[in-house]
Amino acid sequence: MILVLLSVSGAEAQQKKLQTATFGMGCFWCSEALFNRLEGVVKVKSGYEGGRIANPSYDDVCTGTTGHAEVIQVSYDPAKITYDELLEVFWKSHDSTTLNRQGADVGTQYRSVIFYSSPEQKSLAEKYKAELNKTNAFGKPVVTEITKAQPFYVAEAYHQDYFSKNSNQPYCRLVILPKMEKLEKVFKAKLKH
């Protein structure tokens, strides 16, 4: 009985140490696949945030009229990966210079957005964005929205772990796989083994 209590309290202590980051960078299938590979990331959920209606469905969000963005909510251990490191992956893994578009995906639901959950996250995101713009890192201005966290709605079950369950689908092979290969090259030291 004591061992069970110790393992439960250890799990609770681990959960208390975890922090949350929320990013929108186009299709959440791509984003989820990337962030799931990072050491220190415990869980990634695909969902919707930033809109005007409660509990939107995928069909609702796809109309582009709800104001929601497709996002991922990342639970991470800051002792293993920092918010700065998550931001680095965010900025280098999508086109933050296009408004409401990522590749062939067009609409407000595909906007580049960071939903911050603390003043520190806001400050770090704004600092990073300002530096990218100051140095003209991408040759065009970064248009990423930096917004206070709003209610997060978990997407339907078939969206969760989409890449791992559907890696042979054409979209996964043509769009997600090249992003995964880039992640392997650029962030090799930060990946789970």
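Me: In S3, which residue is the bridge partner of Gln 19?
Reply: It is Tyr 76 in S3 that forms the bridge partner of Gln 19. Strands here are DSSP runs of E with at least two residues, helices are runs of H or I with at least four residues, and both are numbered from the N terminus. Two strands pair if DSSP finds at least two bridges between them. S1 is joined to strand S3 (residues 69–76) by 5 bridges, and the two run antiparallel. Before we go on, note that this is a predicted model, in which local features need pLDDT of at least 70, side-chain atom pairs count only at pLDDT 80 or more, and totals for chains, interfaces and linings use all residues. Residues are numbered from 1 along each chain as its sequence is written, and side-chain values use heavy atoms, with hydrogens and water left out.

Me: Which residue in S6 is the bridge partner of Met 25?
Reply: Ser 112 is the partner of Met 25 in S6. Another facing pair is Phe 23 with Ile 114 in S6. Over 4 bridges, S1 and strand S6 (residues 112–116) pair in the antiparallel sense.

Me: What is the order of the strands in the open sheet?
Reply: The 6 strands follow the order S7-S6-S1-S3-S2-S8, with mixed pairing. At the edges are strand S7 (145–148) and strand S8 (152–154), each pairing on one side only. From one strand to the next, the twist averages 35°; angles run from 0 to 180 degrees between N-to-C directions, and axes are lines fitted to C-alpha atoms, for helices over the stretch in contact. S6 and S7 run parallel, joined by 4 bridges, and Phe 115 stands opposite Thr 147 in S7. Strand S2 (residues 41–49) pairs with S8 in the antiparallel sense over 3 bridges, with Tyr 48 opposite Tyr 153 in S8.

Me: Is S6 enclosed or open, and how are its faces arranged?
Reply: In a regular strand the side chains alternate between the two faces of the sheet. Buried means under 20% relative accessible area, exposed over 50%, and partly exposed in between (1.4 Å probe, protein chains only). 5 of the 5 residues of S6 are buried, so this strand is largely enclosed by the rest of the structure. Ser 112, Ile 114 and Tyr 116 are buried on one side of S6, and Val 113 and Phe 115 are buried on the other. S1 (residues 19–25) is also largely enclosed, because 5 of its 7 residues are buried.

Me: What does Met 25 touch?
Reply: Contact means heavy atoms within 4.5 Å. Not counting residues up to four places away in sequence, Met 25 touches Ser 31, Leu 34, Phe 35, Glu 70, Phe 90, Ser 93, His 94, Gln 102 and Arg 111. Met 25 and Glu 70 are 45 residues apart along the chain, with their C-alpha atoms separated by 7.7 Å. Met 25 counts as buried, at 4% relative accessibility.

Me: How do H2 and H7 pack?
Reply: Two packed helices are described by the angle between their axes and the distance between the axes. Helix H2 (residues 28–36) and helix H7 (residues 170–186) pack at about 35°, with axes 10 Å apart. On the H2 side, Trp 29, Cys 30, Ala 33 and Leu 34 meet residues of H7 including Tyr 171, Val 175 and Leu 183.

Me: Which residues have the most contacts inside the largest nonpolar core?
Reply: In soluble globular proteins, nonpolar side chains tend to be buried together. A nonpolar core is a set of buried Ala, Val, Leu, Ile, Met, Phe, Trp, Tyr and Cys residues joined through side-chain atoms within 4.5 Å. The largest one has 40 residues, and Phe 23, Phe 35, Leu 38, Val 74 and Leu 86 have the most contacts inside it. A second, separate core of 5 residues includes Ala 69, Val 71, Val 113 and Phe 152.

Me: What is the phi of Asn 55, and where is this residue placed?
Reply: Most residues other than glycine have a negative phi, and most peptide bonds are trans. Asn 55 has a positive phi of about 50° although it is not a glycine. Asn 55 sits in the loop between S2 and helix H3 (58–62) and is exposed, with a relative accessible area of 62%.
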